[in-house]
Amino acid sequence: MAPPGKRRPGFSRRAQYGVFLGYVVAVGGVILAVVLLAIAIIDPKGFAALRGLALDITAPISSATRSVATFVGGVGEGISDYFRAGSQNAGLRQQLAEAQRESNRRQALEHENRRLNALLGLARQTDDEVTVARIVGSTFEAPRRLATLSAGSAAGVAPGQAVRSPDGLIGRVLETGQWASRVILVTDAGSNVPVRMARDGTPALAVGRGDGTIELRTLEVGQNPFRRGDLLVTSGIGGLYPPNIPVLVVTGFVGERAIGRPVADPARLDYAIVQRIYQPAAAGPLDRAPPGQPAPPVAAPTPAPAAAGARR
Amino acid sequence: MSRIAGSETEVAIRDLRRRFVPLASTIVAIMMSLLPIVASTLWIPNIGFLILITWRLMRPEIWSAQVALGLGFAADLISGAPLGQSMLLWTLVFLGLDYADSLLGERDYWLDWLLAAAACAFHSAGIWVIALLMGAEISPWLMVPQLCLAILSYPLAARIVLRLDRWRLTR
């Protein structure tokens with residue numbers, strides 16, 4: 001392209017000073033940016049008001065274009081469904097029969113559970129839902145996996161609250177605007193969720209890998225207890241996530257480590273349920289936590305209670 | 001469109017177009033990150049950054065390094081990146097390109113592409129380091145598909161910017 005002759009703009013002192021001043025501003029800006037980044041690293045909640053405002057302004061744009069993207073994404077799936085109709089039908093029939101059996105068994109269990117609860121005088125807590133909102137988009141240009149939710153502090157959403165779909169856990173609220181909020185997905189590399197195996201209650205930490213999969217870190221040293229197809233649910237340890245929300249299914253192993261896929265497929269997310277922080281003390285600073293915390297629901301070597309939520 | 005402006009307003013409109021098409025097109029590219037795509041892995045290039053460096057390489061004279069600072073600030077707020085990330089990386093890229101210009105003098109298309117590739121590699125590495133500092137341990141290999149695609153899409157970006165530049169300067 002054209003040679004950049006403008007860098008030394010002739011003999012005019014004024015113009016030369018202008019270019020020099022530009023560099024001074026740029027270098028000053030670099031220093032400012034480093035300071036801002038340091039603040040963001042030390043305190044991820046810094047500039048919450050500014051970032052929340054930006055979120056409020058930009059979320060409607062994602063929201064408005066949402067239907068187009070869903071349509072485009074659905075077309076490919078529709079075509080492939082058409083070609084696989086026969087085998088899919090047989091598979092679905094089998095699944096339906098299995099689901100029917102499972103449902104019968106569950107009804108019996110539920111009945112028994114209700115009876116036992118009544119016997120113990122326990123009331124089931126169901127009003128832990130803050131709001132229902134739509135996932136309107138996510139970061140796709142950055143290595144972090146953050147999604148935008150169409151509800152903010154006006155609807156009661158606050159940082160730290162768990163976000164789930166009917167299928168399973170989606171993530172946790174990171175920052176909020178008035179009408180929109182940003183969610184850190186369970187597949188993000190900065191997200192770690194305390195989980196336990198649904199089969200036998202083995203505790204583990206589900207850490208995102210940033211590529212749509214989740215890595216399982218066991219809390220005990222020894223043999224890898226996971227098998228392919230194992231379901232892992234939140235354990236409630238740490239106090240942020242309510243227990244018993246499905247998180248991931250183990251799909252394979254990389255070396256010694258078990259790798260899984262999230263139960264709630266982030267690419268097909270539509271509606272999300274925001275839930276209250278399970279134990280509100282967990283979201284605050286440690287010294288403000290009341291003494292004598294209730295025992296965690298699963299007896300396990302407890303990770304530092306705030307560590308699960310504090311890392312970003 | 002007539003080649004001669006018919007009225008004062010038309011002159012004003014053309015002047016605005018000449019001045020603000022690079023800025024406006026870059027902001028539109030930055031806002032592409034708002035598209036409701038939920039990707040589970042990283043492969044889509046950072047469109048805003050790509051268009052920004054393409055303008056910078058094609059028209060070195062229109063922007064000084066401090067423009068990258070302002071645009072980076074906007075990009076950080078729009079895309080939800082940690083505040084300061086794009087401000088830092090984009091301004092450093094601009095300063096680096098200024099230095100490269102002072103060394104190289106004349107550039108051709110292939111050298112532009114090479115510089116764009118180097119800028120993209122620096123950008124990806126910077127984002128990876130910042131994510132690491134913020135506690136997200138990501139495998140460096142995860143950045144590679146996006147980087148490759150960004151480098152390969154430079155010719156496309158160059159053609160888009162060239163189109164816009166021609167339209168901007170038509171009388």
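Author: Two residues are in contact if their C-beta atoms, placed from the backbone, lie within 7 Å. The model shown here is predicted, and with that in mind we can begin with A:Pro262, which is found in strand 11 (residues 257-262) of chain A.

Reader: Leaving aside its neighbours within four places in sequence, which residues is A:Pro262 in contact with?

Author: Its partners are A:Gly168, A:Val186, A:Thr187, A:Ile214, A:Val247 and A:Leu248. A separate distance concerns A:Val249, which lies 13 residues from A:Pro262 along the chain, with 6.5 Å between the two C-alpha atoms.

Reader: Does one call A:Pro262 buried or exposed, and why?

Author: A residue is buried if 20 or more other C-beta atoms lie within 10 Å of its own. A:Pro262 has 25 C-beta neighbours inside 10 Å, and therefore counts as buried. For the chain as a whole, 36% of the 312 residues of chain A count as buried, and its secondary structure comes to four helices and 12 strands. Among the contacts in chain A between residues at least 6 apart in sequence, 60% join residues at least 24 apart.

Reader: How should I read chain B, and why is it described as being as compact as a globular protein of its length?

Author: Chain B has seven helices and zero strands, so that the order along the sequence reads α-α-α-α-α-α-α. The radius of gyration of chain B is 17 Å, close to the 16 Å that the globule rule gives for 171 residues, and so chain B is as compact as a globular protein of that length. Along the principal axes, the C-alpha atoms of chain B fill a box of roughly 60 × 40 × 25 Å. Buried residues make up 42% of the 171 residues, while residues 24 or more positions apart account for 68% of the contacts in chain B with a separation of 6 or more.

Reader: How many residues of each chain take part where chain B is in contact with chain A?

Author: On this count, 55 residues of chain B are in contact with 50 residues of chain A. Helix 2 (47-58), helix 3, helix 4 (85-104) and helix 5 (109-133) of chain B each supply at least two residues of the side that touches chain A, and the largest share, 10 residues, comes from helix 4. By class, that side of chain B divides into 34 nonpolar, 14 polar and seven charged residues.

Reader: At what angle do helix 1 of chain A and helix 3 of chain B pack, and how far apart are their axes?

Author: Two packed helices are described by the angle between their axes and the distance between the axes. Here helix 1 (residues 13-42) of chain A and helix 3 (residues 65-79) of chain B pack at about 35 degrees, with their axes 7 Å apart, and the crossing is left-handed. From helix 1 of chain A, the residues A:Gly22, A:Tyr23, A:Val25, A:Ala26 and A:Gly29 meet B:Ala65, B:Gln66 and B:Leu69 in helix 3 of chain B. This contact has five nonpolar, three polar and no charged residues.

Reader: Which residues of helix 1 of chain A are buried, and what do they pack against?

Author: The buried residues of helix 1 of chain A are A:Ala26, A:Gly29, A:Val30, A:Ala33, A:Leu36, A:Leu37 and A:Ala40, and they pack against helix 3, helix 4 and helix 5 of chain B.

Conventions:
Residues numbered from 1 in each chain as written. Chains lettered and ligands numbered in written order. Predicted model: local features only at pLDDT ≥ 70, side-chain atom pairs only at ≥ 80, totals over all residues. Axes fitted to C-alpha atoms, helices over the stretch in contact; angles between N-to-C directions. Left-handed = near helix turned anticlockwise from the far one by under 90°. Nonpolar A, V, L, I, M, F, W, Y, C, P; charged D, E, K, R; others polar. Rg over C-alpha atoms; globule rule 2.2 N^0.38 Å. Buried ≥ 20, exposed ≤ 12 C-beta atoms within 10 Å, placed from the backbone.
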